[in-house]
Amino acid sequence: MAQRLDELNDQFSIPGLQFEHGKGGLLRAKVDGEQATGEVYLQGAHVTKFVPRGQAPVLWMSQASMFSSNKPIRGGVPLCFPWFGPHPQQLPDAPAHGTARITPWNVARTQVDATGGIQIALQTHINAFELLYEATFGNTLKLALTVRLPDDATPPTSFEQALHTYLNISDIRNCSIRGLESASYIDKLDGAQVKPPSGTPIMINSECDRVYIQTTARCELRDQGLERTLYIDKVNSMNTVVWNPWIAKSARMPDFGNDEWQEMVCIESANVGEHLVTLLPGESHCLAAIIGIKI
């Protein structure tokens, strides 16, 4: 059953976190803590804002994003589940990247953690799975998606997943990504060919859509314009996806501004393709990421 705004504030409002109607009238949690500000929309359990105190926004949001029921939000951290990209059976009506990011989630709990970070936990059911998503706003943004297969489910059951993180940057042409120099990757713009490690940091100067294979490494995004380095540490993730739509694809996307490709890049913690996750009844899997500014 969907939770109402008054019920949410009565049961789950804490110092630094309250609930309100956001864009498009969608319910969201608004975080205003000592360490950071942030937002989470209950539709899709979608984190749309993370700003450490005294810093520029870490996450990017499209000004053309749609905020309406059953439509994905463009930017922030969409949750891709239980598939990544097109449906594996190519079902024509199946939404890209699964149903988690257009599903209404319920608040399970809110709390201030031991470090002073403000945490919200959201939950839902998708297919046979029980999902719990915890987002903690502090000096870093901590994200943890736990997927559990109930004891009475029919085994085996598999899924793909990704924390589809959009990072805010000054200009893609002034940025480099380190941490994937030794990883092979699937080039989705070249017939899904597997390409060898580059041996060098990633510099993006055209459309980029790559799935890096069997890598657990930290990624660092050096931004010369903002004079900062963002990092993403991840847990239980075997793939890292790097994406920027560049000029032509941006122009074809109705929820993406024509020139916004310059201001964003996606570095996604994922388990996709050959690295999909298979659970037996009673088992669970937790995909986690920590996003912060390197000091």
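Buried means under 20% relative accessible area, exposed over 50%, and partly exposed in between (1.4 Å probe, protein chains only). By that rule Ile213 is partly exposed, because its relative accessible area is 23%. This is a predicted model, where local features need pLDDT of at least 70, side-chain atom pairs count only at pLDDT 80 or more, and totals for chains, interfaces and linings use all residues. Residues are numbered from 1 along each chain as its sequence is written, and side-chain values use heavy atoms, with hydrogens and water left out.

**The largest pocket**

- Helices (H or I, at least four residues) and strands (E, at least two) are DSSP runs, numbered from the N terminus.
- Sorted by class, the lining has 10 nonpolar, three polar and nine charged residues. Ala, Val, Leu, Ile, Met, Phe, Trp, Tyr, Cys and Pro count as nonpolar, Asp, Glu, Lys and Arg as charged, and the others, Gly among them, as polar.
- Ala96 sits in the loop between β5 (79-80) and β6, and it counts as partly exposed because its relative accessible area is 41%.
- Ala96 and Gly85 are 11 residues apart in sequence, and their C-alpha atoms are 5.2 Å apart in space.

**Salt bridges**

- The structure holds 15 salt bridges, each one a side-chain nitrogen of Lys or Arg within 4 Å of a carboxyl oxygen of Asp or Glu.
- Arg4 pairs up with Glu7 in a salt bridge, with 3.2 Å between the closest N and O atoms. Arg4 is partly exposed at 47% relative accessibility, and Glu7 is partly exposed at 28%.
- Glu130 and Arg148 also form a salt bridge, at 3.3 Å from N to O. This pair links distant parts of the chain, 18 residues apart: Glu130 is in strand β8 (residues 129-137) and Arg148 is in strand β9 (residues 141-148).
- Glu130 has 29% relative accessibility, so it counts as partly exposed; Arg148 is partly exposed too, at 28%.
- Arg148 has a salt bridge with Asp151 as well, the closest N and O atoms being 3.2 Å apart. Asp151 counts as exposed, because its relative accessibility is 58%.
- Arg218, Glu220, Asp233 and Lys294 are joined in a network of salt bridges.

**Buried charges without a salt bridge**

- Lys234, in strand β18 (residues 228-235), is buried yet has no salt bridge. Its nearest side chain of opposite charge, Asp233, is 10.0 Å away. For these charges, Lys and Arg count as positive and Asp and Glu as negative, while His and the chain ends are not counted.
- What does the side chain of Lys234 make a polar contact with? One partner is the side chain of Ser237, at 2.9 Å. A polar contact is a pair of N or O atoms within 3.5 Å; within protein, one must be able to donate a hydrogen and the other to accept it, and residues adjacent in sequence count only if both atoms are side-chain atoms.
- The backbone oxygen of Thr215 also lies 2.9 Å from a polar atom of the Lys234 side chain.
- Asp113, in the loop between β6 (106-112) and β7 (118-126), is buried yet has no salt bridge, and Lys142, its nearest side chain of opposite charge, is 4.6 Å away.
- The side chains of Asp113 and Thr115 are joined by a polar contact of 2.8 Å.

**Two loop residues**

- Ile213 is in the loop between β16 and β17 (219-223). The C-alpha atoms of Ile213 and Leu59 are separated by 24 Å, and the two are 154 residues apart along the chain.
- Gly199 is in the loop between β15 (193-195) and β16 (208-212), and it is exposed because its relative accessible area is 55%.
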